[in-house]
Amino acid sequence: MKLTDFLFPGAFVPQLASNDKEGIIRELVEALVRTRKAPRGSVSGIVDALLERERLGSTGIGKGIAVPHAKHRSVREVVGTVGLGPQGVDFAALDGELVYVFFLLVSPPNDSAGHLAALELIAQTLKHETFCRFLRQCRTEQELVELLEEADQGKYAL
Amino acid sequence: MSRQQDEPQAECVSEVELRNPTGLHTRPAATFVDRASKFRAEVLLLKDGREANGKSILDLLALGAERGAHLTLITRGPDAAAAAEVLRGMLETGFDET
């Protein structure tokens, strides 16, 4: 599995306009449906599922990273997108710090394995400090695309 | 197989099978880190030769541990034995997920 198998150019948001949890999630889901990997009519359902998951505990896992995720029947495979909040967002992260990097995932209801594999790959890549630093410096979608492609080519393997 | 000693540099090594139905995804990882962080002992989780700091959610997610995964839990420090017991129990009982 590669990052670009489930993170699709066209859905990246290098400079998120929102500065609250619901706004960020909505912005990323709106971006995701632009790629047609999730149907336009499913936006509010997916947003609700993601917010419901956040109520069980923030997906802000620390170190400025959040991985909002949920299952939703409108998708056929794991799909996701990347967003950056250069100013930092209060996402109620588990370490109490602001969040700068968002990897949002939506999985089909019965694909725990696909979800876990996508998370594994994202986490392995984010463990690489150089990747993280470059990621936070991205300001355009093209820069994000190039960085993820470099990661897929093994440039940031641990 | 577990070595347990109650001394400052105690180290416990346990082989554990992950029972969590959906694997070590974000919530169980967060729960594990929360509990692991209450101990002074260093906590490591190994899978297929890859090592994760048991007090880092990102590290645990990077293991991609699915249900039935065979993990090695290593705790090192003054409360290593207590940490091993609690954390092994969490991995083996499935974090109360149904």
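In chain B, take the contacts between residues at least 6 apart in sequence: 69% of them join residues at least 24 apart. Contact here means that the C-beta atoms of two residues, placed from the backbone, lie within 7 Å. This is a predicted model, where local features need pLDDT of at least 70 and side-chain atom pairs count only at pLDDT 80 or more, while totals for chains, interfaces and linings use all residues. Residues are numbered from 1 along each chain as its sequence is written, and chains are lettered from A and ligands numbered from 1 in the order in which they are written.

Chain B first. Its secondary structure comes to three helices and four strands, in the order β-α-β-β-α-β-α from the N terminus. Helices (H or I, at least four residues) and strands (E, at least two) are DSSP runs, numbered from the N terminus. Of the 98 residues of chain B, 40% count as buried. A residue is buried with 20 or more other C-beta atoms within 10 Å of its own, exposed with 12 or fewer, and partly exposed in between.

Now the helix pair. How do the axes of α1(B) and α3(B) cross? Helix α1 (residues 26-36) and helix α3 (residues 80-93) of chain B have axes that come within 10 Å and cross at roughly 170 degrees. That makes α1(B) roughly antiparallel to α3(B), a label for angles over 145 degrees. On the α1(B) side the contact is made by Phe32(B), Arg35(B) and Ala36(B), and on the α3(B) side by Ala83(B), Val86(B), Leu87(B) and Met90(B).

Arg35(B) deserves a word. Beyond four places in sequence, Arg35(B) touches Val86(B), Leu87(B) and Met90(B). Arg35(B) is partly exposed, because 17 other C-beta atoms lie within 10 Å.

On to chain A. Strand β4 (residues 79-89) is mostly covered, with eight of its eleven residues buried. Seven bridges join β4(A) to strand β5 (residues 99-107) of chain A, and the two run antiparallel. Within that pair, Gly83(A) has Phe102(A) as its bridge partner.

Last, the largest nonpolar core. Such a core is a set of buried Ala, Val, Leu, Ile, Met, Phe, Trp, Tyr and Cys residues joined through C-beta atoms within 7 Å. Of its 81 residues, Leu28(A), Phe102(A), Leu60(B) and Leu87(B) touch the most other members. The element giving the most to this core is β5(A), with eight residues. Leaving aside neighbours within four places in sequence, Leu28(A) contacts Val13(A), Thr81(A), Gly83(A), Phe102(A) and Leu104(A).

Conventions. Axes are lines fitted to C-alpha atoms, for helices over the stretch in contact, and angles run from 0 to 180 degrees between N-to-C directions. Angles under 35 degrees count as roughly parallel, over 145 as roughly antiparallel, 65 to 115 as roughly perpendicular and the rest as oblique. Two strands pair if DSSP finds at least two bridges between them.
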